[in-house]
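The entries follow in the order in which I looked things up.

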Amino acid sequence: RLKYGFPTEVKHWFVGTAASQARAETMDGPLRRRGWLRADRLDRAFVEHAAGTHDHSDRLFNAVQLNLWLALHEGGWQRPAGGPQAPARASSIALT
(Lines give C-alpha, C1' and ligand atoms only; values in the text may rest on other atoms or scores of the structure.)
Protein backbone atom coordinates (compact mmCIF):
# COMPACT_ATOMS: atom_id res chain seq x y z
CA ARG A 1 0.00 0.00 0.00
CA LEU A 2 1.28 3.45 -0.85
CA LYS A 3 2.16 5.80 1.96
CA TYR A 4 -0.27 8.65 2.45
CA GLY A 5 0.41 11.70 4.60
CA PHE A 6 -2.01 13.51 6.82
CA PRO A 7 -4.57 15.31 4.65
CA THR A 8 -4.98 19.01 5.32
CA GLU A 9 -7.44 21.55 4.04
CA VAL A 10 -4.77 23.96 2.80
CA LYS A 11 -7.11 25.38 0.18
CA HIS A 12 -9.25 26.84 2.98
CA TRP A 13 -6.26 28.51 4.61
CA PHE A 14 -5.96 30.99 1.75
CA VAL A 15 -9.47 32.41 1.97
CA GLY A 16 -10.53 35.15 4.40
CA THR A 17 -8.52 36.90 7.09
CA ALA A 18 -5.63 34.44 7.14
CA ALA A 19 -5.30 34.80 3.38
CA SER A 20 -5.09 38.58 3.64
CA GLN A 21 -2.30 38.36 6.17
CA ALA A 22 -0.40 35.70 4.19
CA ARG A 23 -0.78 37.73 1.02
CA ALA A 24 0.44 40.97 2.61
CA GLU A 25 3.45 39.34 4.27
CA THR A 26 4.44 37.40 1.16
CA MET A 27 3.99 40.29 -1.25
CA ASP A 28 6.12 42.57 0.97
CA GLY A 29 8.55 39.95 2.26
CA PRO A 30 12.03 38.75 1.41
CA LEU A 31 10.79 36.49 -1.37
CA ARG A 32 9.73 39.54 -3.35
CA ARG A 33 12.61 41.77 -2.23
CA ARG A 34 15.11 39.20 -3.48
CA GLY A 35 13.33 39.03 -6.82
CA TRP A 36 12.67 35.31 -6.49
CA LEU A 37 9.11 35.58 -7.74
CA ARG A 38 6.98 37.39 -10.23
CA ALA A 39 4.82 39.44 -7.92
CA ASP A 40 2.09 39.90 -10.53
CA ARG A 41 1.64 36.13 -10.89
CA LEU A 42 1.63 35.47 -7.17
CA ASP A 43 -0.84 38.29 -6.59
CA ARG A 44 -3.10 36.90 -9.32
CA ALA A 45 -2.87 33.43 -7.71
CA PHE A 46 -4.04 34.89 -4.37
CA VAL A 47 -6.93 36.71 -6.08
CA GLU A 48 -8.03 33.71 -8.17
CA HIS A 49 -7.82 31.36 -5.21
CA ALA A 50 -9.84 33.67 -2.94
CA ALA A 51 -12.45 34.09 -5.69
CA GLY A 52 -12.71 30.32 -6.05
CA THR A 53 -11.94 30.32 -9.77
CA HIS A 54 -8.71 28.30 -9.34
CA ASP A 55 -7.16 26.15 -6.63
CA HIS A 56 -3.65 27.56 -6.16
CA SER A 57 -3.30 26.19 -2.62
CA ASP A 58 -0.10 24.22 -3.32
CA ARG A 59 1.62 27.16 -4.99
CA LEU A 60 0.49 29.61 -2.31
CA PHE A 61 1.50 27.30 0.52
CA ASN A 62 4.98 26.86 -0.97
CA ALA A 63 5.43 30.61 -1.54
CA VAL A 64 4.28 31.50 1.99
CA GLN A 65 6.51 28.84 3.59
CA LEU A 66 9.57 29.89 1.58
CA ASN A 67 8.90 33.54 2.46
CA LEU A 68 8.64 32.67 6.16
CA TRP A 69 11.86 30.65 6.00
CA LEU A 70 13.68 33.50 4.26
CA ALA A 71 12.36 36.00 6.80
CA LEU A 72 13.60 33.79 9.65
CA HIS A 73 17.06 33.35 8.16
CA GLU A 74 17.51 36.70 6.45
CA GLY A 75 19.32 38.35 9.33
CA GLY A 76 20.91 35.20 10.68
CA TRP A 77 19.00 32.80 12.87
CA GLN A 78 19.20 33.35 16.61
CA ARG A 79 17.95 30.96 19.27
CA PRO A 80 14.88 32.57 20.86
CA ALA A 81 15.48 33.84 24.39
CA GLY A 82 14.12 31.37 26.88
CA GLY A 83 13.82 28.72 24.18
CA PRO A 84 14.97 25.13 24.50
CA GLN A 85 18.69 24.65 25.04
CA ALA A 86 20.83 21.81 23.76
CA PRO A 87 22.08 19.43 26.46
CA ALA A 88 25.58 20.15 27.77
CA ARG A 89 26.75 16.62 26.93
CA ALA A 90 25.23 13.83 24.90
CA SER A 91 25.71 11.45 27.84
CA SER A 92 23.32 13.56 29.93
CA ILE A 93 20.36 12.44 27.80
CA ALA A 94 18.38 9.66 29.48
CA LEU A 95 17.25 7.04 26.99
CA THR A 96 14.35 5.24 28.64
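Which residues in H2 meet which residues in H5? I note at the outset that the model is predicted. On the H2 side I listed Ala22, Glu25 and Thr26, and on the H5 side Ala63, Val64, Asn67 and Leu68. Sorted by class, this contact of H2 with H5 has four nonpolar, two polar and one charged residues.

Entry on the geometry of H2 and H5. I found the two axes 10 Å apart, with a packing angle of about 55°. The two helices are therefore oblique to each other. The crossing in which H2 passes H5 is left-handed.

Entry on H2 and H4. I then asked at what angle the axes of H2 and H4 cross. They cross at roughly 180° and come within 11 Å. Because angles over 145 degrees count as roughly antiparallel, H2 is roughly antiparallel to H4. From H2, I recorded Ala19, Ala22, Arg23, Thr26 and Met27 in the contact, and from H4 Ala39, Leu42, Asp43, Phe46 and Val47. By class, I counted seven nonpolar, one polar and two charged residues in the contact of H2 with H4.

Entry on H4 and H5. Helix H4 spans residues 39-51 and helix H5 residues 57-73. Their axes come within 10 Å and cross at roughly 130°. That angle makes H4 oblique to H5. I noted a left-handed crossing where H4 passes H5. Leu42, Ala45, Phe46 and His49 are the H4 residues that meet H5, where I found Ser57, Arg59, Leu60, Ala63 and Val64 as their partners. The classes here are six nonpolar, two polar and one charged.

Entry on open space. I next looked up the largest pocket, which has a volume of about 150 Å³. Which helix supplies the largest share of its lining? The answer is H5, with five residues. Helix H2, residues 17-27, and H5 each supply at least two residues of this lining. I wrote down the lining as Trp13, Phe14, Gln21, Ala22, Glu25, Thr26, Phe61, Val64, Gln65, Asn67 and Leu68. These lining residues divide into six nonpolar, four polar and one charged.

Methods
Residues numbered from 1 in each chain as written. Predicted model: local features only at pLDDT ≥ 70, side-chain atom pairs only at ≥ 80, totals over all residues. Heavy atoms only, no water. Axes fitted to C-alpha atoms, helices over the stretch in contact; angles between N-to-C directions. Helix = DSSP H or I, 4+ residues; strand = E, 2+ residues; numbered from the N terminus. Parallel < 35°, antiparallel > 145°, perpendicular 65-115°, else oblique. Left-handed = near helix turned anticlockwise from the far one by under 90°. Contact = heavy atoms within 4.5 Å. Nonpolar A, V, L, I, M, F, W, Y, C, P; charged D, E, K, R; others polar. 1 Å grid on protein atoms, 1.4 Å probe; cavity = no way out; pocket = protein on both sides within 12 Å on 5 of 7 lines; lining within 4 Å. Points joined across faces, edges and corners; volume = space filled by probe spheres on them.
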